[in-house]
Amino acid sequence: KTTLARLIRHSIEYRIWQFSVFSRDNFTCQKCLKRGGRLQADHIKMFAFHPELRFAIDNGRTLCEKCHMAEPTSLNRKHVCCKVD
């Protein structure tokens with residue numbers, strides 16, 4: 001069973017959005033300014049909560065994998081909850 005989000009993320013429209021974001025940002029991470037490598041198109045306003053903005057170019061930015069995983073909204077990173085020093 002494939003979720004709707006997975007179907008959208010594998011659609012042609014999504015790949016066009018992703019490439020458009022990369023092209024606009026000159027294939028450069030917008031946080032660390034590294035060009036090329038393992039880039040990911042990040043939704044500024046979350047994909048799940050803003051379906052009307054899923055394909056809006058101005059709601060995307062290019063991030064390298066490392067910077068994307070460091071984002072607080074990233075589902076790729078390991079969440080650390082309730083860390084006490």
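Guide: Helices here are DSSP runs of H or I with at least four residues, strands are runs of E with at least two, and both are numbered from the N terminus. This is a predicted model, in which local features need pLDDT of at least 70 and side-chain atom pairs count only at pLDDT 80 or more, while totals for chains, interfaces and linings use all residues. Residues are numbered from 1 along each chain as its sequence is written, and side-chain values use heavy atoms, with hydrogens and water left out.

Visitor: Thanks! Where is Thr 28 found?

Guide: Thr 28 sits in the loop between helix 2 and strand 1.

Visitor: Is Thr 28 buried or exposed, and how do you know?

Guide: Buried means under 20% relative accessible area, exposed means over 50%, and partly exposed is in between, with a 1.4 Å probe and protein chains only. Thr 28 has 12%, so this residue is buried.

Visitor: What is Thr 28 in contact with, leaving aside neighbours within four places in sequence?

Guide: Contact means heavy atoms within 4.5 Å. The partners of Thr 28 are Leu 33, Lys 34, Arg 35, Leu 39 and Thr 62.

Visitor: And which residues does Cys 29 touch, not counting those up to four places away in sequence?

Guide: Cys 29 touches Lys 34, Leu 39, Thr 62, Leu 63, Cys 64 and Cys 67.

Visitor: How many disulfides does the rule give?

Guide: A disulfide is a pair of cysteine sulfur atoms within 2.5 Å, and the count comes to zero.

Visitor: What makes a set of residues a nonpolar core, and which residues make up the largest one?

Guide: The members must be buried Ala, Val, Leu, Ile, Met, Phe, Trp, Tyr or Cys residues, joined through side-chain atoms within 4.5 Å. The largest core has twelve residues: Ile 8, Tyr 14, Trp 17, Val 21, Phe 22, Cys 29, Leu 39, Ala 41, Phe 47, Leu 63, Cys 64 and Cys 67. At least two residues come from each of helix 2 (12-24), strand 1 (39-43) and strand 2 (60-64). Helix 2 gives the most, with four. In soluble globular proteins, nonpolar side chains tend to be buried together.

Visitor: Why is the pair of Arg 61 and Asp 42 called a salt bridge?

Guide: The term asks for a side-chain nitrogen of Lys or Arg within 4 Å of a carboxyl oxygen of Asp or Glu. Arg 61 and Asp 42 are at 2.8 Å, N to O, and form a salt bridge. Arg 61 lies in strand 2 and Asp 42 in strand 1, so the pair ties together parts 19 residues apart in sequence. Arg 61 is partly exposed at 23%, while Asp 42 is buried at 5%.

Visitor: What else does Arg 61 form a salt bridge with?

Guide: Arg 61 also pairs with Glu 71, with closest N and O atoms 2.8 Å apart. Glu 71 is in the segment after helix 3, ten residues from Arg 61, and is buried at 9%. Lys 31, Asp 42, Arg 61 and Glu 71 are linked in a network of salt bridges.

Visitor: How many salt bridges are there by this rule?

Guide: Five. One of them joins Glu 65 and Arg 38 at 3.3 Å.
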